[in-house]
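Here is my note on the model, point by point. Please read it with the coordinates open.

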Amino acid sequence: MATPPDTAAPTGPPLFPAGALRDHQRLAEMRASGAAHAVDFGGWEHGWLLTGYDATVGALVDPRLRGVPPQARAPQGGSGELLDEEDLFFLPDPQHERLRRLIGGRLTPRRVAELAPRIQHEIDTLLDGLPPGEPVDFVTEFAVPLPVAVLCELLGVPPDGRRYVGDYMLGWLAESGAGVPVTESAGVALAGYLTALIAERRARPRTDLISAMTSVGTDDDILSAVRLLLIAGHHPVTRLLGGGLEVLLRHRSLWTRLAAEPELSRTTVEELLRLITPAMLATRYSQAGAELNGEPLAEGTPVHCALVAANRDPGPFPAPDTFDPDRPAHPHLAFGLGHKHCLGAALARSQMRMVIDTMAARFPRMALTSTPAGAPDGHPFVVLDPTAAGE
Ligand code: HEM
């Protein structure tokens with residue numbers, strides 16, 4: 001007789017869907033009830049979710065918790081094998097450290113400062129193209145294209161290649177609703193385009209980041225670095241711009257102050273980074289000897305650090321759900337910490353600050369307006385200058 005199928009429900013930790021990271025109430029309740037929570041994150045191995053500030057800092061700087069899952073794939077040295085975009089985030093330590101040195105040694109505060117006039121040009125050009133008196137979908141018209149343009153400027157993608165590179169990035173980020181999902185062959189084609197660009201810059205270097213990387217890196221490493229920057233440097237900036245403008249326009253008196261006190265945008269950007277935390281999660285995997293709360297962790301166990309919850313821990317950030325650019329300085333974790341700390345933090349801060357300074361000065365009366373039916377979630381609509389309506 002055939003054995004009947006096993007209908008017993010699997011036991012394990014509760015399912016924690018990724019969307020729940022936006023549920024601040026639920027995260028606050030979890031934080032209040034303990035430092036670490038066993039979760040089934042859906043699609044990952046069962047692991048732990050950290051929601052408090054101290055526990056998150058501890059995990060991010062713990063040398064036995066690394067950003068490499070047990071099944072991480074290393075490119076076979078020199079084979080030119082093309083890794084998936086996702087794999088670039090989870091490289092084994094030696095490759096990861098090499099790429100970090102390659103990027104970090106050249107994406108310096110000085111390079112970011114030198115890029116400022118070109119970022120300003122991109123901001124002005126995008127704003128000049130918007131109708132001042134009509135409702136504008138700020139995310140589609142500004143927050144999506146700006147970081148693409150800035151990354152192309154940084155890397156030195158020539159003007160006739162920007163549309164192509166931008167379409168690929170937006171397609172890869174199809175969840176934003178901005179494009180069609182890219183195919184594997186499109187990824188291979190983009191890698192071909194970038195490989196040719198790297199060869200061109202190696203032969204005739206200019207002032208851009210790709211040229212700077214050719215003096216120290218192999219073609220394979222530069223290609224991985226460029227692809228990593230294109231993926232990592234876009235979506236969180238879009239989220240910060242869209243979410244940040246919405247918060248600012250709900251605080252009218254601050255908008256007026258920003259136009260008069262340019263220094264204020266520095267603390268404003270930090271508070272927006274804390275409150276919005278555009279990259280919500282940083283995951284680590286335990287290596288031999290790792291512990292959590294004094295208990296040993298099996299090797300390869302995921303430890304998910306909910307940066308979005310740590311940044312609203314009432315310990316370091318009293319009244320954490322309140323937007324308060326005047327709050328006493330305390331380091332937030334929006335850019336992560338430790339061996340994977342964001343390599344584009346200076347560029348992201350600079351972009352956001354320049355956008356706020358420019359918009360508050362140019363459009364002191366800018367206001368939110370109603371969002372049309374069918375508009376995507378999280379897309380605030382604005383009128384840049386309500387006095388220009390009906391012109
Ligand atoms: C508001 C904007 C941004 C936010 C909130 C943000 C946040 C983060 C966070 C939290 C991480 C660490 C993830 C982890 O620990 O697992 C990270 C990594 C990274 N970010 Fe950003 N980022 C932003 C903008 C940028 C920009 C503009 C660039 C590039 C120009 C960039 C490049 C990178 C890279 C390359 C990494 C990977 C570092 C590594 O694997 O070691 N980011 N970012």
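Is cysteine 152 buried or exposed? Cysteine 152 is buried, at a relative accessible area of 0%. Buried means under 20% relative accessible area, exposed over 50%, and partly exposed in between (1.4 Å probe, protein chains only).

1. Basis. This is a predicted model: local features need pLDDT of at least 70, side-chain atom pairs count only at pLDDT 80 or more, and totals for chains, interfaces and linings use all residues. Residues are numbered from 1 along each chain as its sequence is written, and side-chain values use heavy atoms, with hydrogens and water left out.

2. Iron site. Cys342 (SG) is the single protein donor to the iron atom of the ligand, at 2.3 Å. Donors are N, O and S atoms within 2.8 Å of the metal (3.2 Å for Na, K and Ca); water is not among the atoms, so sites may look incomplete. Cysteine 342 sits in the loop between helix H15 (307–310) and helix H16 (345–362). Helices (H or I, at least four residues) and strands (E, at least two) are DSSP runs, numbered from the N terminus. Cysteine 342 is partly exposed, at 32% relative accessibility.

3. The term covers a pair of cysteine sulfur atoms within 2.5 Å. For cysteine 152, the closest cysteine sulfur is that of cysteine 342, 18 Å away, which is too far for a bond.

4. Domains. The assignment, automatic or from a database, gives domain 1 (24–57 + 281–317) and domain 2 (61–68 + 89–279 + 334–388). Their centres, over C-alpha atoms, are 28 Å apart. The contact (heavy atoms within 4.5 Å) takes 18 residues from domain 1 and 18 residues from domain 2.

5. Interface. The two domains bury about 1600 Å² between them, 55% of it on carbon and sulfur atoms. Buried area is the accessible area (1.4 Å probe) lost on putting two parts together, summed over both. Arg284, Tyr285 and Asn311 supply 36% of what domain 1 buries against domain 2, more than any other three residues.

6. Salt bridges. The count is 23, with a side-chain nitrogen of Lys or Arg required within 4 Å of a carboxyl oxygen of Asp or Glu. Among them, glutamate 271 meets arginine 327 at 3.1 Å, N to O. Glutamate 271 is in helix H14 (residues 264–276) and arginine 327 in the loop between H15 and H16, 56 residues apart. Both are buried. Arg118, Glu122, Glu153 and Arg162 are linked in a network.
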